[in-house]
Amino acid sequence: MWPKDVGIKAIEVYFPAQYIEQAELEQFDGVSSGKYTIGLGQSRMGFCNDREDINSLCLTVVHRLMDRYNIKPQDVGRLEVGTETIIDKSKSVKSVLMQLFEPHGCTDIEGADTTNACYGGTAALLNAVSWVESSAWDGRLALVVAGDNAVYSTGSARPTGGAGAIAMVVGPDAPLIIDRGIRSSCMKHAYDFYKPNLTSEYPVVDGQLSIKCYISALDNCYQTYCKKVKNKHNDSVTLDNFDSFLFHSPYCKLVQKSFARLAFIDFLNTPKEKISKQYPELAKFHDVKLEETYFDKDIEKAFINLSKTDFFQKTQPSLLIANQVGNMYTPSVYSGLASLLISKPMTELAGAKVGIFSYGSGFCSTMYSLTITENSKEGSDLMKIISSVSYIKQELDARQKISPADYTKILEWREQNCHTVPFSPQSSINDMFPGTYYLAQVDEKYRRIYKRV
């Protein structure tokens with residue numbers, strides 16, 4: 001027997017307590033007004049100072065989740081981490097997180113880190129689901145952690161940074177049920193975004209290729225997903241089958257273009273005679289080859305306009321954190337899930353089918369869906385998970401604004417001391433959120449010591 005309704009039972013989001021305004025960064029960078037705020041669709045960007053790193057981000061989000069949901073260390077049987085922020089070429093973040101379990105005598109916990117750009121969190125989640133559904137499952141919960149510090153060198157990519165972590169509990173009888181049976185993936189080899197310089201936090205980015213790879217992965221995953229549903233259930237899939245659709249968000253404007261892209265694929269799958277009657281002005285686009293349209297501005301504009309109403313209903317509510325924090329890398333698409341839970345009314349959430357597209361450069365991508373339970377009664381698991389993430393909006397507003405000049409100095413300081421030992425961080429801990437782990441010291445043997453606010 002399969003465990004029933006395996007999925008996400010709890011979710012916790014953490015982002016640093018400081019940010020910069022994208023409108024101020026536009027002025028500081030000397031670019032045209034609206035380039036980051038309108039062109040990219042970003043309002044604010046969170047970031048780490050020298051007090052936080054991938055270990056502290058993940059320690060914070062896991063400890064907060066266990067406190068908020070009253071999860072005991074003994075309850076966890078698998079711990080998976082997805083991240084691309086590497087500060088040690090051997091020691092995993094998972095091993096650092098064992099500090100939260102080992103003092104309680106809990107060391108029989110499976111799992112390790114998964115790395116492939118922004119896809120690692122999805123790989124960790126699917127691994128956890130597979131464990132719960134396998135013969136190895138012993139009845140305990142799986143804990144999935146996705147975290148990253150996304151920073152770029154000076155230039156056009158810098159405003160697409162961000163930072164944060166998400167922790168999710170996976171188990172049976174979940175309010176957010178991972179749909180079994182149908183999911184699609186597209187895995188290839190590309191140098192669109194990568195981090196070959198191990199002495200630097202900054203990636204190498206081919207901007208145009210990165211967008212092409214993302215859209216290509218989306219095309220492939222959606223077409224394969226539709227084909228699998230057709231073969232298994234003899235049924236057609238369109239955007240109408242989903243009440244919401246979540247995307248990995250490098251920046252919010254790309255998400256709107258991606259939603260429009262799926263509308264375009266639905267259009268191409270519609271008989272031409274029907275198109276000619278419904279949308280005569282679009283009929284000229286019906287015979288194009290999909291792979292030749294990645295940068296076709298006429299098609300992009302036409303289908304953004306056509307899908308605008310559905311986008312604002314199905315996807316815009318999921319972009320709250322992405323707009324306010326930026327690209328969190330591995331947690332990105334799951335910050336969309338948390339945003340959805342606090343942005344839509346319960347009447348629209350209960351029983352909803354949610355499509356999910358996850359992409360990581362290099363490249364790896366998967367599309368799948370989850371179903372939100374219909375049980376929305378007071379005291380239900382769905383009500384509990386929604387009320388448990390209600391703090392997000394307050395914490396977004398409680399952050400401290402940093403000037404672009406000071407932000408630039410912080411990044412320069414991080415860059416200078418990326419591998420300095422011994423190292424003592426200089427930033428104050430006074431403005432950190434309660435319960436935040438911070439880096440206290442790196443000793444002469446590169447060993448990192450953390451404390452908690």
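## The annotated span

The end C-alpha atoms of residues 176-452 sit 31 Å apart, and the span is 43% helix and 16% strand. Helices (H or I, at least four residues) and strands (E, at least two) are DSSP runs, numbered from the N terminus. An unreviewed UniProt entry labels these residues "domain: Hydroxymethylglutaryl-coenzyme A synthase C-terminal"; such annotations may be inferred rather than shown by experiment.

This is a predicted model: local features need pLDDT of at least 70, side-chain atom pairs count only at pLDDT 80 or more, and totals for chains, interfaces and linings use all residues. Residues are numbered from 1 along each chain as its sequence is written, and side-chain values use heavy atoms, leaving out hydrogens and water.

## The largest pocket

On a 1 Å grid over the protein atoms alone, a pocket is an open set of points with protein on both sides within 12 Å along at least five of seven lines, lining residues have an atom within 4 Å of a point, and a cavity is a set where a 1.4 Å probe fits but cannot get out.

Of its 48 lining residues, T85, I86, I87, D88 and H419 lie nearest the centre.

## The cavity

There's one cavity of 30 Å³ or more. Its lining includes L246, F247 and S249, and α11 (332-343) gives the most, with three residues.

Terms used
Grid points are joined across faces, edges and corners, and a volume is the space filled by probe spheres set on the points.
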